[in-house]
Structure formats: C-alpha cells, structure tokens
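The sequence and structure come first.

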Amino acid sequence: MGFSIGIVGLPNVGKSTLFNAITNAGAEASNYPFCTIDPNVGIVEVPDERLGALAEMHQSKKIIPTAIEMVDIAGLVKGASQGEGLGNKFLANIREVDAIAHVVRCFEDPNIVHVSGSVDPKRDIEIIELELIYADLSTAEKRLDSAQKKAKSGKAEDKKEALLFQRIQERLATGQPVRGLEFSDEEKELKKTVQFLSEKPVLYVANIGENQIRTSSTDPYVQTVRDIAAAENAEVVVISTKLESELAELALNERKELLREYGLKESGIELLARQAYKLLGLITYLTSGEPETRAWTIRVGTKAPQAAGVIHTDFEKGFIKAEIINYTQLKDFKSLSEAKEKGLVRQEGKEYIMQDGDVVLFKFNN
C-alpha cells in the first residue's frame, strides 16, 4: 500500500540535496517488500515512539516503522507547461504522486546561483504553481470541449459533466488552482479519470542555511512561505538541507549530538515524513509480538477488514473479527495480557473504523 510524495522545486533551491539526504539516511528498502523502488525513489521512515514501547513490552526481535516514498521529480523551469526544459517529464512524474513537497529556497549564498537571479520565495512558489495551473487549464479545456459536445445529446449526466468542467476551467483561467474547489460525491465520480496537478495537496519545505536555524522563527523568507501556506491551509516544514546532508553521513548517536548543538529535537527529514503522512490523511495501526513490532499504514476511515488486507489479502477475505486496544490505554499496562484481564481488549467486527494507534490482532479463516 504505497503512498508517495513528489519533491518539486526550481533549480538550485536544494531539492536534489534534500533527496540525496533522504536516500542516504532513509529506510532499507528490503523492509518494505510491497514497494517498487526506482532510482528516483527514497523511503523515509515515519518516527513513532509507540513502536519502541510495544517492542519492549513483547520483547520483539525486530521493529518496522511505517514509511513514505519520496519521489525526486525532474527539475522545472518557467514554461514547463509548454515543454520548456524537462517540463513534459516533470508533469508526467507529478501526475503519479499522491502529494507535493514544494522545496522553496530561503537562504542567500553567492556561490549558488539562483535561476531567477535573486532569492524570492513568493515569486518562486508562484512560478511552479502557475505551471501546474497552465497544464491543468489545457486539460480542463479539452475535457470541457468534449463534455459540451456530449451534452448536446440532452442527457442529464452529460450536462452535469459539462457544467463541472466549465467551473474548473473558469477557476483555472483566473490563475487559481483546482485545490480549494469543493466537489460533491457525484462530481468526484465524474472527474475521477482526470488528474489535475494543481489539485494535489501541497506541503511547503522552506530550505534555510545552517546560520538561520536558530532564528528561523523570525526569518523573513520563512515567514513569507508561512503566509502563503496559511492562505492555502497548508503546512510548512523548515529544513536546512545542508545540515540534513551532514546528518545523513553520521552514525545515530552522532546525529543526535549534532541536532542538540543546533537546539533541534529531530531531523528535518523526520519532521517532513511525519507532516507528509498527515498531509495524505494517513493513520497507523500497530501489531506486536515476539517476532516483530510493526506499524501499518491506512487511510483515515478504513474499516477493520480492509486494514487487515494491508497485511495480507487473505486476512481481508477470511476476516472474522479483530481484538483491539488503543495504545493510549495499553501503555498504562505492563503487558497485553494484563490489559485483557482488565477487560480493555475489545472484539470488533467488519464495520469497525480503525483509529490511529490501535494495537490489533486479527482473527480470520484460512
């Protein structure tokens, strides 16, 4: 059950530096056998303190966190929607990801030339956003033309489709992304075959210099990114890709020491993974025993049988029930057996909606 974030940005903003740090410090691909890992894909583990506590409780031999795929998207320049630079490759790759991590340069460095000649986060964000909008506008116009021709038949559904794509086309024509428009369930069904680039959720990554880390909360460049994100109801992760590159080369204890020197509790990559997980509307449920303690990724609203199917399709097909206790309750006990004795482990059926932190044992027919 793979979920991917596409890393985008203009040239020389730190996108490649971030991706290289991710691939150097990321998870071992062998732990995630259901993922197909291409050269431009890195895996980032999502930090979860609950795993360590559960592993200690059950004396687990192995801990496997959940993870997010980070995809290094081909570089973009102004005019990409018309095929400039690697524009076509950029647009094709971005259609395949679930969300976008938009790296924005927020540091000055005379040795690293900015493609536009100066550091300006607002301008840089607008360049990429407009390229996505222009590409979507072309798509919307084609679909609108087709829908209007079909609507001449007089069928109600064809008329609804024409009105839908007209609304999308009109919004894009004003320079606004599809993201932000609200759609009914019926409209979602009508447009499900079209992937609008500007509809994908965005997480902004403000890339700062190491000398800005301690003052990032008041940095004017970072604040510009925060203001833009706030207007879109989006999140911002502040990262020094230069520091992340250094951290990726160190052993775990050395990483922690370097982070302490900068007054940081965790690396930017760890924070990015956590925010990306949140952006995609994902939650984690946990399984734990002596062989391993493991986190599993599901979408918010997933029912128990479908959650079981993430482990193995046979679990979903033969689902009988799930024995569940949330970690928030289990953490107060020395063992799962003790929690069972207190009557806190519940029996849940097919209609149960999984919650983040549920510790589960699935029962199923072979």
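**The chain as a whole**

The model is predicted. Its chain contains 14 helices and 12 strands.

| Property | Value |
|---|---|
| Box filled by the C-alpha atoms, along the principal axes | roughly 65 × 65 × 35 Å |
| Share of the 366 residues that are buried | 48% |
| Share of contacts with a separation of 6 or more that join residues 24 or more positions apart | 69% |
| Accessible surface | about 18500 Å² |

Of the accessible surface, 49% belongs to carbon and sulfur atoms. The radius of gyration is 23 Å, which agrees with the value near 21 Å that a compact globule of 366 residues would have.

**The largest pocket**

The volume of the largest pocket is about 1000 Å³. Its lining consists of 33 residues, and those nearest the centre are Glu45, Val46, Pro47, Asp48 and Glu270. Two or more lining residues come from each of these elements: strand S2 (41-45), helix H2 (49-58), helix H8 (241-248), helix H9 (252-261), helix H10 (268-279) and strand S8 (282-288). Which element gives the most to this lining? Helix H9 does, with 5 residues. Sorted by class, the lining of the largest pocket has 17 nonpolar, 13 charged and 3 polar residues.

**Gln275**

Gln275 lies in helix H10, one of the elements that give two or more residues to the lining of the largest pocket. Is Gln275 buried or exposed? The relative accessible area of Gln275 is 17%, so the residue counts as buried, the cut-off being under 20%. Leaving aside residues up to four places away in sequence, Gln275 touches Leu203, Glu235 and Val237.

**Lys150**

Lys150 belongs to helix H4, which covers residues 121-151. Its relative accessibility is 36%, and Lys150 is therefore classed as partly exposed, a class that lies between the buried limit of 20% and the exposed limit of 50%. Which residues does Lys150 touch, not counting those up to four places away in sequence? They are Asp158 and Glu161. Ala162 is 12 residues from Lys150 along the chain, and the C-alpha atoms of the two are separated by 8.3 Å.

Note on methods:
Residues are numbered from 1 along each chain as its sequence is written. This is a predicted model: local features need pLDDT of at least 70, side-chain atom pairs count only at pLDDT 80 or more; totals for chains, interfaces and linings use all residues. Side-chain values use heavy atoms; hydrogens and water are left out. On a 1 Å grid over the protein atoms alone, a cavity is a set of points where a 1.4 Å probe fits but cannot get out, and a pocket is an open set with protein on both sides within 12 Å along at least five of seven lines; lining residues have an atom within 4 Å of a point. Grid points are joined across faces, edges and corners, and a volume is the space filled by probe spheres set on the points. Helices (H or I, at least four residues) and strands (E, at least two) are DSSP runs, numbered from the N terminus. Ala, Val, Leu, Ile, Met, Phe, Trp, Tyr, Cys and Pro count as nonpolar, Asp, Glu, Lys and Arg as charged, and the others, Gly among them, as polar. The radius of gyration is taken over C-alpha atoms; the globule rule is 2.2 Å times the number of residues to the power 0.38. Buried means under 20% relative accessible area, exposed over 50%, partly exposed in between (1.4 Å probe, protein chains only). Contact means heavy atoms within 4.5 Å. Accessible areas come from the Shrake-Rupley method with a 1.4 Å probe; for residues, only the protein chains shown count as cover.
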